[in-house]
Amino acid sequence: MRTIQLPKWPCFTILDPLKHGPELLSVPWPGDFFPVILEGPRKERPDRAALSFYAPAEAKRSGTTLEELKAAVERFDFIVR
């Protein structure tokens, strides 16, 4: 992952989502956005190194604003924006 150029804001990328999942889910997120799924049939795969999102689409889908989503993402140093 260190050699890959990741997209910048308005995209954001969660590095090692399974490792950081409990921390991500321990705080409230705007709207109904959930950055990772840790249980059930749709849980994150252990071989997934990163998850990338397009913030405007996620904000619209989850019923929040782009500004609220950006503020939430900025709380974590393992989310590239």
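Trainee: In which loop is Asp-16 found?

Mentor: Asp-16 is found in the loop between β1 and α1. Helices (H or I, at least four residues) and strands (E, at least two) are DSSP runs, numbered from the N terminus. The model is predicted, so local features need pLDDT of at least 70 and side-chain atom pairs count only at pLDDT 80 or more, while totals for chains, interfaces and linings use all residues. Residues are numbered from 1 along each chain as its sequence is written, and side-chain values use heavy atoms, with hydrogens and water left out.

Trainee: Why does Asp-16 count as partly exposed?

Mentor: Buried means under 20% relative accessible area, exposed means over 50%, and partly exposed is in between (1.4 Å probe, protein chains only). Asp-16 has 34% relative accessibility and therefore counts as partly exposed. The phi of Asp-16 is near 45 degrees, a positive value in a residue other than glycine.

Trainee: What is the relative accessible area of Ala-57, and where does Ala-57 lie?

Mentor: Ala-57 has a relative accessible area of 42%, so Ala-57 is partly exposed. Ala-57 lies in helix α2, residues 55-62. In space, Ala-57 is 9.7 Å from Pro-10, C-alpha to C-alpha, although 47 residues separate them in sequence. Pro-10 itself is placed in the segment before β1, and the peptide bond from Trp-9 to Pro-10 is cis, with omega near 25 degrees.

Trainee: Which residues of α1 are buried, and what makes them lie on the same side of α1?

Mentor: In α1, residues 17-25, the buried residues are Pro-17, His-20, Gly-21 and Leu-24. Their arc around the axis is only 145 degrees, which puts them on the same side of α1; the arc is that of the directions from the helix axis to the C-beta atoms. The exposed residues Lys-19 and Pro-22 are carried by the face turned away from that buried side. The buried residues of α1 pack against β1 (11-15), β2 (50-54) and β3 (79-80), where contact means heavy atoms within 4.5 Å.

Trainee: How do you know that the buried residues of α2 line one face of the helix?

Mentor: Ala-55, Glu-58, Ala-59 and Ser-62 are the residues concerned, being buried in α2. Seen down the axis of α2, they fall within an arc of 100 degrees, so they line one face. Their cover includes β1, β2 and α3.

Trainee: What makes a set of residues a nonpolar core, and which members of the largest one touch the most others?

Mentor: A nonpolar core is a set of buried Ala, Val, Leu, Ile, Met, Phe, Trp, Tyr and Cys residues joined through side-chain atoms within 4.5 Å. The largest core has 16 residues, of which Phe-12, Leu-24, Trp-29, Leu-69 and Ile-79 touch the most other members. Two or more residues each come from β1, β2, α2 and α3 (66-73). The largest share, three residues, belongs to α3.

Trainee: Why is the pair of Phe-33 and Phe-53 called edge-to-face?

Mentor: Rings of Phe, Tyr and Trp (its six-membered ring) pair if their centres lie within 6.5 Å; planes under 30 degrees apart count as stacked, over 60 as edge-to-face and the rest as tilted. The centres of Phe-33 and Phe-53 are 5.4 Å apart and their planes stand at 80 degrees, so the pair is edge-to-face. Both residues, Phe-33 and Phe-53, are buried.
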